[in-house]
Amino acid sequence: MGKIILYIAISLDGFIARRDGDIAWLTAFDDKDEDYGYAAFYASLGAVILGGKTYRQVLDFGTWPYPGKTTYVVTTQPLQNPPDANIKTFAGDAADLVAQIRQTTDQDIWLVGGGQLVTAFADQHLIDEYIITIIPLILGDGIPLFQGAVSEERLQLTGSQSYANGLMQLRYRRPA
């Protein structure tokens, strides 16, 4: 059974985006010689989960960034001309979505975001692994990784990796 993995970057002060959803600040840390483990991570995936706001933002990237992966967009709004045939919508409880996806794949499932969706999954203890890359930048304001109250959950550090440009990637999992 695949794990639900939150693989995400945050600013040092805990924001995943500026208040308006802008994530352009991340590009200053792009490195053509380093993918921060992304290629291997992406190859391990059977599905991707996005919130509706994140989905609409991703559409502005131009090329669909999740080719070949079944993508579930958690939204109550219909999608206008989805760019890929593998895009599905879901409106309902996060645990029901996880159960539905696990019936179709044994591979890992990437919880992309945004903050409301991450909070809903964390509150129900549905995230099996957290891969958090801390960007050495203080935004001062923005969209926090967790929005609102989240149930307490103790995690276990399984690894860390520092990079020459100051990024720090932390890996946590829920204890068995």
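**View 1. Y7 counts as buried, at 11% relative accessibility.** Buried here means under 20% relative accessible area, exposed means over 50%, and partly exposed lies in between, using a 1.4 Å probe and protein chains only. The model is predicted, so local features need pLDDT of at least 70 and side-chain atom pairs count only at pLDDT 80 or more, while totals for chains, interfaces and linings use all residues. Residues are numbered from 1 along each chain as its sequence is written, and side-chain values use heavy atoms, with hydrogens and water left out.

**View 2. Y7 and F41 form an aromatic pair.** Rings of Phe, Tyr and Trp (its six-membered ring) pair if their centres lie within 6.5 Å; planes under 30 degrees apart count as stacked, over 60 as edge-to-face and the rest as tilted. By this rule the structure has ten aromatic pairs. For Y7 and F41 the ring centres are 4.4 Å apart and the planes lie at 10°, so this pair is stacked. Y7 sits in strand β1 (residues 4-11) and F41 in helix α1 (residues 38-43), so their contact ties together parts that are 34 residues apart in sequence. Helices (H or I, at least four residues) and strands (E, at least two) are DSSP runs, numbered from the N terminus. Like Y7, F41 is buried, with a relative accessible area of 7%.

View 3. Y38 is partly exposed at 28% relative accessibility, whereas Y42 is buried at 14%.

**View 4. Ring pairs build a cluster, and a lysine lies over one of its members.** Y7, Y38, F41, Y42, Y55, W64, Y66 and W110 are linked by ring pairs. K69 lies over the face of Y42, at 4.9 Å from the ring centre; a charge sits over a ring if NZ of Lys or CZ of Arg is within 6 Å of the ring centre and within 35 degrees of the ring normal.

**View 5. Strand β7 pairs with β1 and with β10.** Six of the seven residues of β7 (residues 129-135) are buried, so this strand is largely enclosed by the rest of the structure. Two strands pair if DSSP finds at least two bridges between them. Seven bridges join β7 to β1, running parallel, and I10 has I134 of β7 as its bridge partner. Six bridges join β7 to strand β10 (residues 168-173), running antiparallel; here T133 is partnered by Q169 of β10.
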